[in-house]
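Please read them alongside the sequence and the coordinates.

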Amino acid sequence: MVLGGPGAAEALGGRLGEHGAEKIYAAEGGEIGGYLVAPKATVLADLVKRVQPAAVLLASSQEGKEIAAVERFVRGVPGARLAVQLDNGILTDVVGLAADGTATQVAFAGSTIGTSRVTRGLPLVTVRPNSVNPAPAPATPTVEQLTVTVGEADKLAKVVDRVAEQKGSRPELTEASVVVSGGRGVGGAATPPALAAMPICYKCDADSIIGPDEPLLWPSYTEQLDFELEVGFFTSRGGRDLTPEQAVDYIAGVTISNDVSARDNQFFEMSLSIGPSKGKDFCTAMGPYVLTMDEVDEWDIQLSARVNGEIWASGTTADRQFSFAEVPAWASLDEDVRPGEFLAVGTVGGGCGLELDRWIRPGDVVELDASGIGTLRNPVGERHVAPPGAGLRTYSGSSPVHPGRH
């Protein structure tokens, strides 16, 4: 179903047809624009009751998550239920949905894996656009126009003005008249308490940094090497116990970071409830350029990851939980942050092989793009062969990690 302005269905029809769409239901025109999501949820609920699909997949965008949370939608569709859920809300960003109704969700660089199976009713699932990779199945779709009626209650929620302003930090929710969740952690429905409270991170070896075009190191003790699509920044000076307002002046410049990971070993290590060690601490690529903060809108950096020229993932910095300045504010609490330290701000959703269950191999070329910064390009090196007797005889390898198959 296409919900949008005039011509939206025509514009998307060809693309949808490439992947086998035989019919497009369109609600177009100004009558659906300018409101919050409730009218769209109503239209979708009416369509679902009439068409009776096997499942409803909603894009994991702000609007998609809001539609999934609208009570009238779930109530309006008999038997509708969320395929993946927590006690306190929706667990979104599904990366796998099997025919039997089992859905898989991976979050926070693989430290959380959730699965749930819908045994009855209509599965209602929010998915990442880059987690769905349908095979081409050309079709010529027909379009059926839907009628939209905006109720009086929904008209009270019409958006009358949009104001663009510099996002120095997240607004205080207590100051907001309308709070709309969107992106990881915003609204808190599916956010673990620890992640809502602080920017979770680990500390890595500064001597393991490599630059553009250098091969990504493949340790002998891992079968599953992985990339991570993220950005971060260098500190301009040292400090301790910084406030977010003070930390703004401690950010020197922003660049791309590829936090290379030995996934199978990482999970094996972390099964002991400790942070990653050799699973992370061996190779991080950075570059190609460093931009000062006056050249970057930290909330609007567009990112993508390509492997051998194929786009594997894309995203934006818009839906982060914490601002850049909040990261050094937390890092400096009760300890020194030194000049020239690099602080990464987190992997883009779907921005690693773990979340896609797609794995790089020796000889592949990984390219991470960030708008304004450029492209960080690195070939994948051959797996290192350790000399006889090196390491420990007690370690014979780690079990492979396959969180979500497509």
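1. The accessible surface of the chain comes to about 21100 Å², and 53% of that area belongs to carbon and sulfur atoms; accessible areas are from the Shrake-Rupley method with a 1.4 Å probe, and for residues only the protein chains shown count as cover. Of the 406 residues, 43% count as buried, where buried means under 20% relative accessible area, exposed over 50%, and partly exposed in between (1.4 Å probe, protein chains only).

2. This is a predicted model, in which local features need a pLDDT of at least 70 and side-chain atom pairs count only at pLDDT 80 or more, while totals for chains, interfaces and linings use all residues. Residues are numbered from 1 along each chain as its sequence is written, and side-chain values use heavy atoms, with hydrogens and water left out.

3. The pLDDT, which is the predictor's confidence in each residue from 0 to 100, averages 74 over the chain, and 62% of the residues score at least 70. Over residues 107-111 the pLDDT is below 50, and beyond near neighbours in sequence this stretch has twelve contacts in the model, a contact being heavy atoms within 4.5 Å. Residues 162-190 also have a pLDDT below 50, with 49 contacts in the model beyond near neighbours in sequence.

4. The secondary structure comes to ten helices and 25 strands; these are DSSP runs numbered from the N terminus, helices being H or I with at least four residues and strands E with at least two. Among contacts in the chain with a separation of 6 or more, 75% are between residues 24 or more positions apart.

5. Five strands form an open sheet of mixed pairing, in the order β12-β19-β17-β15-β23, where two strands pair if DSSP finds at least two bridges between them. The edges are β12 (209-210) and β23 (342-344), each with a single partner strand, so one side of each is left without a neighbour in the sheet. Within this sheet, β17 (residues 251-259) and β19 (residues 284-291) run antiparallel and are joined by five bridges, and D259 has T284 in β19 as its bridge partner.

6. Which residues does C283 contact, leaving aside its neighbours within four places in sequence? They are S208, I210, L216, L217, N258, D259 and V260. C283 is found in the loop between α8 and β19 and is buried, with a relative accessible area of 0%. Its C-alpha is 8.6 Å from that of W218, although C283 and W218 are 65 residues apart in sequence.

7. Strand β20 has two antiparallel pairings to inspect: with β21 (residues 310-316), β20 (residues 302-307) pairs over six bridges, and with β24 (residues 365-370) over five bridges. L303 stands opposite G315 in β21, while the bridge partner of A305 in β24 is L368. The hairpin of β20 and β21 has two residues between the strands, and there N308 takes a positive phi near 55 degrees, although N308 is not a glycine.

8. D241 is found in the loop between β16 (239-240) and α7 (244-247), and at 41% relative accessibility it counts as partly exposed.

9. In helix α8, the residues R263, D264, N265, Q266 and E269 are buried, and what covers the buried residues of this helix includes β14 (225-226), β18 (261-262) and α10 (353-356).

10. There are four aromatic pairs, counted where the rings of Phe, Tyr and Trp (its six-membered ring) have centres within 6.5 Å, with planes under 30 degrees apart taken as stacked, over 60 as edge-to-face and the rest as tilted. F268 and Y395 form a tilted pair, 6.4 Å centre to centre with 35 degrees between the planes. This pair links distant parts of the chain, F268 being in helix α8 (residues 263-270) and Y395 in the segment after β25 (374-383), 127 residues apart. F268 is partly exposed, with a relative accessible area of 46%, and Y395 counts as partly exposed at 28%.
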